[in-house]
Amino acid sequence: MNTIDFSPLYRSSIGFDRFASLLDHALRSDQSNNSYPPYNIEVLDENRYAITLAVAGFTQDDLSIEVEQGVLTIKGSKDSDSKEKRQFLHRGIATRSFERKFNLAEFVEVVDASMDHGLLTVSLVKEIPEKMKPKQIAINTATGSTAIEHKAEKVA
């Protein structure tokens, strides 16, 4: 297993520590090859996104969605003490517990979640505050430029 040392990045930059931590986390979680449940991340337009997870076999009561400090966490947990005992010849639909975490960019907010045909869709929107948006500054033209003169005082 190869690891990348991010310490030079920490020493030579300010404010990028979260970015380096995200890279480190992404590399570690990618190596673990955790692919359950499968999911899509979709760009709907410039400021809208959707995360869709395939959660066949789960009900809304089995799922929880939480956002804390820029991390979206989706958990699924089936009640192991099911009321009906079922006997399977083949079991291909996984209903094991899971936890998926997604790091959200700055100003990205979760606005909605819906479930349809075994797919859980979480809607996200990026809302940049007005004071953070770029603004155009008009350049005024001077009709008559005037210079300010400084008069030196006489020293007695």
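## Rings, core and a hairpin

The charged end of Arg-96 sits over the ring of Tyr-36, 4.0 Å from its centre; for this, NZ of Lys or CZ of Arg has to be within 6 Å of the ring centre and within 35 degrees of the ring normal. Lys-78 lies over the face of Phe-58, 6.0 Å from the ring centre.

A word on the ground rules: this is a predicted model, where local features need pLDDT of at least 70 and side-chain atom pairs count only at pLDDT 80 or more, while totals for chains, interfaces and linings use all residues. Numbering starts from 1 along each chain as its sequence is written, and side-chain values use heavy atoms, with hydrogens and water left out.

Back to the rings. There are 3 aromatic pairs in the structure, a pair being Phe, Tyr or Trp rings (six-membered ring for Trp) with centres within 6.5 Å; planes under 30 degrees apart are stacked, over 60 edge-to-face, the rest tilted. Two of them are listed here:

| Pair | Centre to centre | Angle between planes | Type |
|---|---|---|---|
| Tyr-36 and Phe-98 | 6.0 Å | 90 degrees | edge-to-face |
| Phe-58 and Phe-98 | 5.4 Å | 85 degrees | edge-to-face |

Phe-58 lies in the loop between E2 and strand E3 (63-68) and Phe-98 in strand E5, so their pair ties together parts 40 residues apart in sequence. (Strands, E, at least two residues, and helices, H or I, at least four, are DSSP runs numbered from the N terminus.) Tyr-36, in the loop between helix H2 (17-32) and strand E1 (39-45), is 62 residues from Phe-98. Ring pairs link Tyr-36, Phe-58 and Phe-98 into a cluster. Tyr-36 and Phe-98 are both buried, as is Phe-58; that means under 20% relative accessible area, with over 50% called exposed and partly exposed in between (1.4 Å probe, protein chains only).

Phe-98 also turns up in the largest nonpolar core, where Val-55, Leu-72, Ile-74 and Phe-98 touch the most other members out of 15 residues. Such a core is a set of buried Ala, Val, Leu, Ile, Met, Phe, Trp, Tyr and Cys residues joined through side-chain atoms within 4.5 Å. E7 gives the largest share of this core, 3 residues.

Strand E6 (residues 108-116) runs antiparallel to E7, joined by 8 bridges; two strands pair if DSSP finds at least two bridges. The two form a hairpin with 2 residues between them, and His-117 in the turn has a positive phi of about 55 degrees. Asp-112 stands opposite Ser-123 in E7.
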